Amino acid sequence: MLAEAGNLNDSIALTYYSMYHSVLALFYLIGLKSENHIASIMLLKSIFGIDTTRLERAKRERIDNQYYVDFHITKEVTFEMIMMAESFNSDIIDFVDKLKEKEIIEYRNKLILMFIK
């Protein structure tokens, strides 16, 4: 709705944050709370083996769009980012839906081992 109304800046920011919050929900399942975006991306990849390319791109677009006044996002890129976020969030939800208790414990143990080393 924001993008259709021409509010491309907020659309890009919310696109990224929808993806980031999907990741935080996944982390919650294994008892992990992350407040650092870069660390979250690294943990998503290292603990769960999930490709972070789309999340990293969304993060870059959000930063460029919000912090650089000479950067202008196009409507086409905005809609591409929205579709990418929908795909990413769907993949995370699917991943969560398929998780079994045994796997949750294994991911939790993997996280613990990362911090013991």
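**View 1. Asn-65 and Asn-9 meet through their side chains.** In this predicted model, the side chain of Asn-65 makes a polar contact with the side chain of Asn-9, at 3.1 Å. Asn-65 has its place in helix H3. With a relative accessibility of 8%, Asn-65 falls under the 20% cut-off and therefore counts as buried. Setting aside neighbours within four places in sequence, Asn-65 is in contact with Leu-8, Asn-9, Ile-12, Phe-71 and Ile-73.

**View 2. Helix H2 from end to end.** Here you can follow helix H2 through its 12 residues, 37-48. Take a look at the start of H2, where a side-chain oxygen of Asn-36 comes to within 2.9 Å of the backbone nitrogen of Ile-38. After H2 comes Gly-49, with a positive phi near 70°.

**View 3. The buried side of H2.** Which residues of H2 are buried? They are Ser-40, Ile-41, Leu-43, Leu-44, Ile-47 and Phe-48. These residues cover an arc of only 165° around the axis, which means that they sit on the same side of H2. As a reminder, an α-helix has 3.6 residues a turn, so residues three or four places apart point the same way. The packing partners of the buried H2 residues are helix H1 (8-29), helix H3 (53-67), helix H4 (75-98) and helix H5 (101-116).

**View 4. Where H2 crosses H5.** One of these partners, H5, is shown here with H2. The two helices pack at an angle of about 120°, and their axes are 10 Å apart. The crossing of H2 past H5 is right-handed. On the H2 side, the contact is made by Leu-43, Ser-46, Ile-47 and Phe-48. On the H5 side, look for Tyr-107, Lys-110, Leu-111 and Met-114.

View 5. Leaving out neighbours within four places in sequence, Phe-27 is in contact with Leu-32, Ser-34, Ser-40, Leu-43, Leu-44 and Phe-48. Among them, Ser-40, Leu-43, Leu-44 and Phe-48 are also buried residues of H2. To place Phe-27 along the chain, compare it with Val-96: the two are 69 residues apart in sequence, and their C-alpha atoms are 10.0 Å apart in space.

Notes: Residues are numbered from 1 along each chain as its sequence is written. This is a predicted model: local features need pLDDT of at least 70, side-chain atom pairs count only at pLDDT 80 or more; totals for chains, interfaces and linings use all residues. Side-chain values use heavy atoms; hydrogens and water are left out. Helices (H or I, at least four residues) and strands (E, at least two) are DSSP runs, numbered from the N terminus. The expected span of a helix is 1.5 Å times one less than its number of residues. Buried means under 20% relative accessible area, exposed over 50%, partly exposed in between (1.4 Å probe, protein chains only). The arc is that of the directions from the helix axis to the C-beta atoms. Contact means heavy atoms within 4.5 Å. A polar contact is a pair of N or O atoms within 3.5 Å; within protein, one must be able to donate a hydrogen and the other to accept it, and residues adjacent in sequence count only if both atoms are side-chain atoms. Axes are lines fitted to C-alpha atoms, for helices over the stretch in contact, and angles run from 0 to 180 degrees between N-to-C directions. A crossing is left-handed if the near helix is turned anticlockwise from the far one by less than a right angle, and right-handed if clockwise.
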